[in-house]
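Please look over the model below. The briefing that follows takes contacts, helices, the core and a few single residues in turn.

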Amino acid sequence: MLRGDPHQRRRLEEIIRNLGDRIEEARANGWLGEVQGLQISFDAARNKLASLDRLTRNRNRTPVSLGMPIIPGEVR
């Protein structure tokens, strides 16, 4: 799966807004097939934005040292 670039967040938000506007227009005109296709793209874009947010949150975490494992019976 490809990861989104955090610097492209604004562009992704713009795409989501545009898809929302197009869905409203398609509903107003009764284009049900178009609504369904746009809704799939809208949902995928929102999922991508959520994934980008998770990636950004996880990047700010620091690693945890687990130390060296102790193996029973091992001579030190």
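Ile 23 touches Val 35, Leu 38, Gln 39 and Phe 42, not counting residues up to four places away in sequence. Contact here means heavy atoms within 4.5 Å. This is a predicted model: local features need pLDDT of at least 70, side-chain atom pairs count only at pLDDT 80 or more, and totals for chains, interfaces and linings use all residues. Residues are numbered from 1 along each chain as its sequence is written, and side-chain values use heavy atoms, with hydrogens and water left out.

**Helix H1**
- Helices are DSSP runs (H or I, at least four residues), numbered from the N terminus.
- H1 covers residues 9-29, which is 21 residues.
- The expected span is 1.5 Å times one less than the number of residues.
- Gly 30 follows H1 and has a positive phi, near 75 degrees.

- Leu 12, Ile 16, Leu 19, Gly 20, Ile 23 and Ala 26 are the buried residues of H1. Buried means under 20% relative accessible area, exposed over 50%, and partly exposed in between (1.4 Å probe, protein chains only).
- They cover an arc of only 130 degrees around the axis, so they sit on the same side of H1. The arc is that of the directions from the helix axis to the C-beta atoms.
- An α-helix has 3.6 residues a turn, so residues three or four places apart point the same way.
- The face turned away from the buried side carries the exposed residues Arg 10, Arg 17, Glu 24 and Ala 28.

- The buried residues of H1 pack against helix H2 (32-59).
- The largest nonpolar core has 10 residues in all: Leu 12, Ile 16, Leu 19, Ile 23, Ala 26, Val 35, Leu 38, Phe 42, Ala 45 and Leu 49.
- H1 and H2 each supply at least two residues of this core.
- A nonpolar core is a set of buried Ala, Val, Leu, Ile, Met, Phe, Trp, Tyr and Cys residues joined through side-chain atoms within 4.5 Å.

**Gln 39**
- Gln 39 lies in helix H2.
- Gln 39 counts as partly exposed, because its relative accessibility is 24%.
- Gln 39 is in contact with Ile 23 and Arg 27, leaving aside neighbours within four places in sequence.
- The C-alpha atoms of Gln 39 and Leu 19 are separated by 7.9 Å, with the two residues 20 apart along the chain.

**Val 64**
- Val 64 is in the segment after H2.
- Val 64 is exposed, with a relative accessible area of 67%.
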